[in-house]
Amino acid sequence: MSNGFKGLRLHNTLTRTKEDFVPIDPDNVRMYVCGPTVYDFAHIGNARPVIVFDVMFRLLRHLYGDDHVTYVRNITDVDDKINARALRDFPDLPLNQAIAKVTKKTADQFHKDVAVLGTLPPTYEPRATEFVQPRADGKADMISLIQSLIERGHAYEAAGEVLFDTGSMPDYGELSKRNLDEQQAGARIAVDAHKKSPGDFVLWKLSSPEEPGWDSPWGRGRPGWHIECSAMSAAYLGEVFDIHGGGLDLIFPHHENEIAQSRCAHGTDVMANYWLHNGFLQVEGRKMSKSEGNFVTINELLETEKFGGRNWPGEVLRLAMLMTHYREPIDFSVRKLEEAENTLRKWKRAADMAPTETAPVPAGVVEALSDDLATSAAFQLMSHLANEAASDARAAAELKSALLFLGFQLQAADVDEDAVAGAIAERLAFIAAKDWASADRIRNELLEQGVQLKDGKDPTTGERVTTWEVRR
């Protein structure tokens, strides 16, 4: 269609309604997602937006073309803990170089982890440290944005800080549906005598001689958290772009304050046209925290036996995360991972029956995902294709295309040989007890996993011997 609508409908947090997605420029669909703070290894909660918006990126590329989508996911490396460690460990280096050394290990690990989760790299992945001061290439930067806010009457200096004046923006709070009268002192809002309003937030704060900082018109200091994303999104996507994504916990204050800064600095009515937020994650029915003992990083899930007494393939984590609709809360559990693993194994065995010719991505899968990323509906169709694959080569080929489209590997899943051996031993015991129904159940369960049993006799003893092979 001429206006760029291709059937995609998204739930917009800004309006609390599901809307047709119409890009500003169909030849350059633009999306920004808040990325990790690389002070420590990313935890499983950080993985959810990475996976969710990777699916969105893939869908947009499918609808508009690979070369017509720009996806920016930042790395936050401006953080007081990071800054302090950089000053301590590398006192003789310029601050940005010192921070890069401090964060190299965690940033590298993040990239390694999310690659194993099957995600595509974003088009651009800017680091906050690169956008603090004015740049030689003229791209947006934090100091220039703050200067613009002061000049436009939306920010002021007080007690060594530059603060955003929330009272200067009549519709502040539109995203979170909070107004200034409701902004009371609380856990996320500091009450200071130098603020015009308790809701005013820091754009720039001075650094003491012992603290790291960057030179600015207001003295040597460092930026507030929110101004970082306003600068980096503008640098690569412009003053107004299509989609801004992140976790539900970022709606207030982070995204609310991003909107305030960007709109007031640029004089625009919006920052992004569509705001998407994934739901909260808990682990085994409880909020994830170190005090609860259920805090787990992506790397621990992939490489250690901390969760469920074993490590987990990245694509199993990916499917488990997508089995719940992205806007709903998710309970991340061993049971959910086991369910995802079994489902993925069945799909792969079925897809492995496909001929060498490729098939287009099933229209039903695209249609389901175009309804606000309705992954459950897409997966139902894929399970139906898996059931038909044995007798329908086309179904197998379409399932194969759907798996590839959604970021899953195409090669057959590994078989747990110990588990197969245990199942065979259990089946032989049922046969010895003449429990034929239970024996048949085990044979069928293994067959669903792609394991074909073959019964024979030992030529010497005459006893039953069961071997197995992976059915291709």
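**From the proline outwards**

Modeller: Pro253 is placed in helix α6, which covers residues 251-266; helices here are DSSP runs of H or I with at least four residues, strands are runs of E with at least two, and both are numbered from the N terminus. The model is a predicted one, in which local features need pLDDT of at least 70 and side-chain atom pairs count only at pLDDT 80 or more, while totals for chains, interfaces and linings use all residues. Residues are numbered from 1 along each chain as its sequence is written, and side-chain values use heavy atoms, with hydrogens and water left out.

The peptide bond that joins Phe252 to Pro253 is cis, with omega at about 5°. Pro253 is also one of the residues touched by His226, along with Phe201, His254, Asn257, Glu258 and Gln261, when residues up to four places away in sequence are not counted; a contact here means heavy atoms within 4.5 Å. His226 belongs to helix α5, residues 225-237, and counts as buried because its relative accessibility is 8%, where buried means under 20% relative accessible area, exposed over 50% and partly exposed in between, with a 1.4 Å probe and protein chains only.

Helix α5 packs in turn against helix α4 (residues 142-151), at an angle of about 105° and with the axes 9 Å apart. The axes are lines fitted to C-alpha atoms, for helices over the stretch in contact, and the angles run from 0 to 180 degrees between N-to-C directions. α4 and α5 are therefore roughly perpendicular to each other, a class that spans 65 to 115 degrees, with angles under 35 counted as roughly parallel, over 145 as roughly antiparallel and the rest as oblique. On the α4 side the contact is formed by Met142, Leu145 and Ile146, and on the α5 side by Ile227, Glu228, Ser230 and Ala231. Sorted by class, this contact has five nonpolar, one polar and one charged residues; Ala, Val, Leu, Ile, Met, Phe, Trp, Tyr, Cys and Pro count as nonpolar, Asp, Glu, Lys and Arg as charged, and the others, Gly among them, as polar.

A search of the whole structure finds zero disulfides, a disulfide being a pair of cysteine sulfur atoms within 2.5 Å. Cys34 is in no disulfide, and the nearest cysteine sulfur to it, that of Cys229, lies 3.9 Å away, which is too far for a bond. Cys34 counts as buried at 13% relative accessibility, and Cys229 counts as buried at 2%.

A second pair of helices, elsewhere in the chain, can be described in the same terms. The axes of helix α8 (residues 314-322) and helix α9 (residues 334-351) come within 8 Å and cross at roughly 110°, and that makes α8 roughly perpendicular to α9. Glu315, Val316, Leu317, Leu319 and Ala320 of α8 make this contact with Lys336, Leu337, Ala340, Glu341, Thr343, Leu344, Trp347 and Lys348 of α9. By class, the contact of α8 with α9 has eight nonpolar, one polar and four charged residues.

Two loop residues other than glycine have a positive phi. Leu373, in the loop between α10 (363-369) and α11 (375-388), has phi near 55° and counts as buried at 4% relative accessibility. Lys434, in the loop between α13 (417-432) and α14 (436-448), has phi near 60° and is exposed, with a relative accessible area of 61%.

For the chain as a whole, the secondary structure comes to 14 helices and 15 strands, and 52% of the 472 residues count as buried. Along the principal axes, the C-alpha atoms fill a box of roughly 90 × 55 × 40 Å. Among contacts between residues at least 6 apart in sequence, 70% join residues at least 24 apart.
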